[in-house]
Amino acid sequence: MRIRRLSALFWATCIIAFIFILYVVTDLSLKLPSIKPAMVDLEDNKWSSFESKLRNIENELNQHHAVVGEIKSAMDQIVEQSQEFHPPQIRPKPAPKQIKIREFKVVGDEPPRMHRKINMSYCPIFQTSSKTDVQMLSMYDRIMFDDVDGGVWKQGWNIEYKDNQWSSKNKLKVFIVPHSHNDPGWIKTFENYYKAQTKAIFTNMVEKLKENVGRKFIWAETSYLSLWWTSDATDKEKTDFQNLLKSGQIEIVTGGWVMNDEANSHWVSNAQQLTTGHQWLLDNLGYIPKNGWAIDPFGYSSSQPYLLKLTGLENSVIQRVHYRVKKELALNRQLEFKWRQMWDGSGKTDMFTHMMPFYSYDVPHTCGPDPKICCQFDFKRLPGNGVTCPWGSPPRKIVQKNVDERSFMILDQWRKKAQLYRSNVVLVPLGDDFRYDRANEWDNQYQNYEMIIDYINSNEAWNAEVQFGTLQDYFKAVHEEIKLADFPVLTGDFFTYADRNQHYWSGYYTSRPFYKRMDRALLAYVRAAEVITAQASSSRSVSHITSLQLRDRVEHARRALALFQHHDGVAGTARDDVHEDYARKMLTAIKYSQSAIQQAAYYLLKQPAIQDQTQEDVYFDVDDIWRKHDEIPSRITIALDPMSPSRRLLFYNALAFKRHEVVTVIVSTPHVEVFDPDGSPIMAQISPVVAGEKRLGFAANKFQLSFPVVVDALAITVYSVSLRDNMAINKYTSYSRVRIYNADYWSVELPKMFAVEQPAARLADDVTMQAGNSSRVVATMNGLLKAVVTPDGHTMPVHMDFVQYDTQKAQDNNSGAYLFIPDGPATPFKSDPFPEIVITEGPFKATLYSGLVGPKAAEVLLAISVYNNPSLPHAELEISNTLLIDPQVDDLELAMRFSTPIKNGDIFYTDLNGMQMIKRRYFEKLPLQANFYPLPAAAFLQDGGARLTLLTSTPLGAAALRSGQLEVMQDRRLSRDDNRGLNQGVLDNVRTRHTFRLLLERVPQVCASKSPEQTSEYLTLGAHVSQQMLLQPLITMHYSANENSPRSSYSRSLVSAPDVVLAAFHSHIATKNKDGATHHGMGMTFQRVHLDTCYGNKAVEKWYPLSEGQIPLTDMVDVQPDQIFDSSLTFVHVRNPVPEAFIALCPMEIRSVFINQTLKRA
């Protein structure tokens, strides 16, 4: 009987549920036609209308889904009561309703986006068909780094040749390439160099090249060309220059805004500076470069040739490579090679590269192996010109009497140089820094060489053809003589550079770290500004005039960023006043970016009503205040009082994926609560603000407000913070527990809601902290990290300490802006005992602050934080070092070191320009300074069970000098010049803040073993997401609004692609099609990262589901699907249409598209 009643009840419930669902569906279908688009203009705003409909439907469905869920729950209970007779069906149970304790929602709960089935086997990363002839890590392992005296070529050997090598049918072809290397800032500022020298170089160039059609010249720095063109060039000079360009007498090489540094720069910044230069050349000269020229960066990254290849360049020249590597390549005639990406198994990324063989790019080291002879053919050094030859033999003017002897002397050098290469073609650069600024140098160089050229060419017995040439002339001749397939393939990079024994250029990886950090802050702003302004333009949220104004502000900021990529800018190797000039330009650029971002956001949000607007065109306050060019930025304190009880908080996400994170803002009172975009209160945490430099303390009337936010890809989300009635029941805001150690003398005046512990005794034991369900941090009695306990209970010892280096002090053998020459291994950084320590702990964030003061050394304010962020469930800490080296100290280099039980041996990994990871090895046969490498963004150690990853906000130098150990330089103060031309030490230190993220990731299952030959590795998804958030923080903006006014938001992208980087989104660019016609439109650049799947927590992918490189552009931005074309990286070449506006990216591929906005497709 009981069974019958239960059965009847069960079926009755089913019938009721069916009727209810039928009602819901009918009700929904009747409602649908009444959903009206938000905008009236359907033609211009059809996407907004469609999006609005979708959002309303989604909200309705969510409500009905909740009701159906309750019915399901009731049915489950009924079934459970009768499970003795009716076993229940297995189904997921909905979570019970709770207060909004956690705002994060697993993305995996949402309906997954459908991916197309695309065969990716064609991708270079999956190919294995090609072989590598020269692998740089293997070469380092193989060769002895000896320093044998090679005779006149000190770092080489005595080159010999046979006279019968050449014949009338097989002549030696020599191309003399005049050039002038113009640093956009070094000893003088960019503008001062231009006024003093560069302007005159251009003036003489257009005059002197016209005197003989055989004269040639190459130019690299578009920043200087732009300055001359827009400020001083006459119409006649412009016409002459363009004619010389068209005739091939002038070639613009690389064509970037600058000749960028390759160690500290981020690849996105390098792409920006290349784009800035190429767009200017196309807009003003209709010119597109074909060949690269990078003679002065201090070592070379393999990311750069990939970028050059993507711009459409065909060949490249490099110079500053380790002298022993040059010798090894020269011995095997491998100085010209196809430079391939480490992950490319097909050869698709090959860039043909010419490496100069000798010490420098100046004339004494470019004609051949004997600088004493070559110097005699630098005719600027003729007596009376103020420049001499240090070898004691000055040049002689070429006259009829000596032309035979002088011609044969230099021909002998050219012939010897030819022995180092595979072809019969010789490249002979003729120039140096800021050369050809005087008319008489043009005359002396060209007229004397013209006599030599004519004499050699007329002497048939010598079997040589000599001419002035450009890089295009040289490479054309090389490729006509030798097939590309006959050149070797090289993989790897050329760090760390040494120009002579023990003199390794690893110091500049860290020099002037404040400005290196500022570079990354500006990059984040430029990226955010260009994306949000492009969104405002493409969605027609702004007028055409406003769109152009926003474009100009972003372009101004982009040019400041591009200028600082110069190899003496972000490298930190210019004089003090020059770095101040760069910093002032970057400060202005940050403010321009902030202005553009807040204005674009205002229009994307449909111009919300704002209270107390004080300035026209300033709608929102960006919460990042840069007051001075040499001062750490500060945060806005949100002042709340009865007169102004609420403030709206806007969060703009410039990344291409939905992000989940805990944010912190500063408020004036602890009596606040936070409301989500729907206006519902959410859980939040209040902590006191710990401030100070040498001594810690609590800031008066300032509190940290931390809470979780979710922001869609390329979207603006609005939260609000309001004054809370402190007499009302507090359900949502929690207050940190505060512990104070070694500071019993403090008079603590925190509000009573904070639980404060302040023991009188000195701290003698380890301390721990944790935020909610985060990892637990164990720290020493000095406040330094000791171990991390992961959320699943695994303990990983991670011993953190600070160490310091002194410099050698022998003559011409000391550290400076470029060089790192320590006097031995590091010694411990000894700070005062019992440092002041403060720990704040709450449900979302826990931080340990420690004030480490080393007398006559440095002061470091260390802050270690953990966050309760379920979307990143691996063990992760944030480490912030705010430091200043004591101005009284002469020579000190400060480093942070982590020691772990990871058994990585001598192998570790660092990134190249934030683009890819490369395998490094510690070599005992090399000096300590040679084992330091650039750390632009990330490094890791790993063994079969665990990986430790360090992500950095600032490019710095790093090393792994012992197994399980990772060391990162923090700052350097050096009293002496290192004799590389700067003529000063590094004594302009300012207080600097670096932020690091330390990740500990375990191997959840046994992974397939990797070949020891594999030289590339990859970050995990968790590390990549964390890195993107570190380098591209949410843009936080504030404004005051009426509490009852609508909560506007902007979310256009339907795509969330954590494995895709939106590297650029230009709102106004120009391009040329195959027919030479110029088009105008927008440009976008994407990179799909390859991710390691061995390490890390697999749950991360539930929150950040991968796109598999599939980007339907119409789902991301407002574009017409038939107006999308493939393009080069800098958008100057437009290629085939992109079918259906659907992009499928290979892993590690960088791809750009042009969005045509002017002419309709034919």
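In the predicted model, where local features need pLDDT of at least 70, side-chain atom pairs count only at pLDDT 80 or more, and totals for chains, interfaces and linings use all residues, I worked with residues numbered from 1 along each chain as its sequence is written. Side-chain values use heavy atoms, with hydrogens and water left out. I noted that the span 503-586 is 69% helix and 2% strand, with its end C-alpha atoms 32 Å apart. Helices (H or I, at least four residues) and strands (E, at least two) are DSSP runs, numbered from the N terminus.

**Ser646.** I found Ser646 in strand E16, residues 646-652. Ser646 counts as buried at 10% relative accessibility (buried is under 20% relative accessible area, with a 1.4 Å probe and protein chains only). I recorded contacts (heavy atoms within 4.5 Å) from Ser646 to Leu640, Val721, Ser722, Ser1040 and Glu1043, leaving aside neighbours within four places in sequence.

**Strand E44.** I then turned to E44, residues 992-1002, which is largely enclosed by the rest of the structure because nine of its 11 residues are buried. Two strands pair if DSSP finds at least two bridges between them. Strand E35 (residues 875-885) runs antiparallel to E44 and is joined to it by nine bridges; Glu878 stands opposite Arg997 in E44. Strand E41 (residues 946-952) is also antiparallel to E44, with seven bridges, and Arg947 stands opposite Glu1001 in E44.

Note on methods
Buried < 20%, exposed > 50% of the residue type's maximum accessible area, 1.4 Å probe, protein only.
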